[in-house]
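Open the model in your viewer and keep the sequence panel beside it. The tour below goes selection by selection.

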Amino acid sequence: MTRGNQRDRDRERAQARTGNKGKSVKDDGLTPEQRRERDAKALQEKAAKKAAQAAAGGNNAGAGAGSKTKK
C-alpha cells in the first residue's frame, strides 16, 4: 500500500477544519411528527401569502423564472 497513513491523516485534518461538526443531526427538540406539522404550517402560510399577493394584483409572482422573452 503506497499511501500509508495519508488517508487517515487527511481525514483527521478535514475533521479539524470543520470544527468537529461531523454528520450531526440537527437537534431542535422536536419529534419527527412535530417537525412535519411545523413544516406543513410554514408551507401553508407561504402559499397563503403568495395567493394574497397574486389576488392583490402582484403580477410579479414568479417573475424570476422564465419571464424573459426571446428575440
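**First stop: a pair in helix α1**

Select Asp10 and Arg13: the two residues both lie in helix α1, 3 residues apart, which is about one turn of the helix. Their side chains form a salt bridge, with the closest N and O atoms 3.8 Å apart. Keep in mind that this is a predicted model. Residues three or four places apart in an α-helix point the same way, because the helix has 3.6 residues a turn. Colour the pair by accessibility next: Asp10 is partly exposed, at a relative accessible area of 31%, while Arg13 counts as exposed at 53%.

**The second pair in α1**

Stay on the helix and select Asp8 and Arg11. Here too the side chains meet in a salt bridge, at 3.5 Å from N to O. Why can Asp8 and Arg11 be described as about one helical turn apart? Because they are 3 residues apart in helix α1. Arg11 is exposed, with a relative accessible area of 52%; the cut-off for exposed is over 50%. Asp8, at 43%, is partly exposed.

Now widen the selection to residues 6-17, which make up helix α1. The helix has 12 residues, and the distance from its first C-alpha to its last is 16 Å, close to the 16 Å expected at 1.5 Å a residue.

**Helix α2**

Select residues 32-55 for helix α2. This run of 24 residues reaches 34 Å between its first and last C-alpha atoms, close to the expected 34 Å at 1.5 Å a residue.

Go back into the helix and pick Arg35, which lies in α2. Leaving aside residues up to four places away in sequence, Arg35 touches Asp28 and Leu30.

Then select Arg38 and Asp39. These residues form a salt bridge, the closest N and O atoms being 3.3 Å apart. Arg38 counts as partly exposed at 40% relative accessibility, and Asp39 is partly exposed as well, at 37%.

**Zooming out**

Clear the selection and show the whole chain. How many helices and strands does the protein chain have? The secondary structure comes to 2 helices and 0 strands. A search of the whole structure for salt bridges finds 4, among them Asp8 with Arg11, Asp10 with Arg13 and Arg38 with Asp39.

Buried residues make up 0% of the 71 residues in the chain, where buried means under 20% relative accessible area.

Technical notes:
Residues are numbered from 1 along each chain as its sequence is written. This is a predicted model: local features need pLDDT of at least 70, side-chain atom pairs count only at pLDDT 80 or more; totals for chains, interfaces and linings use all residues. Side-chain values use heavy atoms; hydrogens and water are left out. Helices (H or I, at least four residues) and strands (E, at least two) are DSSP runs, numbered from the N terminus. The expected span of a helix is 1.5 Å times one less than its number of residues. Buried means under 20% relative accessible area, exposed over 50%, partly exposed in between (1.4 Å probe, protein chains only). Contact means heavy atoms within 4.5 Å.
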